[in-house]
Amino acid sequence: LLGPHMIGVADGVGSWWEGGIDPAAFARGLMFASRNSCTKLKREEELDPAKVLLDAWHKMQISRLIGSSTACLVSLDPHKTELRAANIGDSGFLLLRRQAGSSSMVEPALGTLDSAAGIGAAGRKLHIAFRSPQQLRAFNTPYQLGRAPDSGDAPDDRFETPQDSRLRGPGHVRPRGCVR
């Protein structure tokens, strides 16, 4: 929980262990900086996950902490019923909705995202209404925010920036009818 209406997850890139660097350190630092950014930005303006991630990334660049991470920040605007997200790499989120007009308990096909959604507590069937897209450079090479030991002060093209986090598609996701 980063703020009253924002959650986030970061997943450190495990191959940093080979160089003696704790992969979790960068991910933890990024989420700590994101929480601090939420506190700072909520006083100034409406919280936007992309702005929070950008501010946190700038703090991570100043800290010069070595490592890299995927990240996903999601906020639910309490006044506009709007879900906003910033996603880097293969971290992500699902938006679940109740199956419209489904009184029968049809079992989903195994191995599908709908089977992962399961059945709601009230016995209502859920389906995947939206799934954030993965961002990959190549197989098993997700986009990531980070800093390498040999990174200077200039941008490092081995890593993405928060500007790469905006979800492609028609604006923000409207969570109307989502399961709370």
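A search for aromatic pairs in this predicted model gives a count of 1. Rings of Phe, Tyr and Trp (its six-membered ring) pair if their centres lie within 6.5 Å; planes under 30 degrees apart count as stacked, over 60 as edge-to-face and the rest as tilted. The pair is made by Phe93 and Phe130, and it is tilted, with 5.8 Å from centre to centre and 35° between the planes. It links distant parts of the chain, since the two residues are 37 apart: Phe93 is in the loop between β3 and β4 (94-98), and Phe130 is in strand β5 (residues 126-131). Helices (H or I, at least four residues) and strands (E, at least two) are DSSP runs, numbered from the N terminus. Phe93 is buried at 12% relative accessibility, whereas Phe130, at 26%, is partly exposed. Here buried means under 20% relative accessible area, exposed over 50%, and partly exposed in between (1.4 Å probe, protein chains only).

Residues are numbered from 1 along each chain as its sequence is written. As the model is predicted, local features need pLDDT of at least 70 and side-chain atom pairs count only at pLDDT 80 or more, while totals for chains, interfaces and linings use all residues; side-chain values use heavy atoms, leaving out hydrogens and water.

Next comes the interior. A nonpolar core is a set of buried Ala, Val, Leu, Ile, Met, Phe, Trp, Tyr and Cys residues joined through side-chain atoms within 4.5 Å. The largest such core has 22 residues, of which Met6, Leu30, Val52, Leu53, Leu73 and Leu145 touch the most other members. Two or more residues come from each of β1 (6-12), α1 (23-44), α2, β2 and β3 (82-88), and α1 gives the most, with 7 residues. Contact means heavy atoms within 4.5 Å. Beyond its neighbours within four places in sequence, Leu53 is in contact with several residues, including Leu30, Leu73, Ile88 and Pro162.

Helix α1 also holds Ser34, which is buried, with a relative accessible area of 0%. Not counting residues up to four places away in sequence, Ser34 touches Leu2, Val52, Ala56 and Leu73.

Finally, the backbone deserves a look. Most residues other than glycine have a negative phi. Arg64, although not a glycine, has a positive phi of about 60°; this residue is in the loop between α2 (49-63) and β2 (67-77) and is partly exposed, at 43%. Asn140 likewise has a positive phi of about 60°. Asn140 is in the loop between β6 (136-138) and β7 (141-142), and counts as exposed at 63% relative accessibility.
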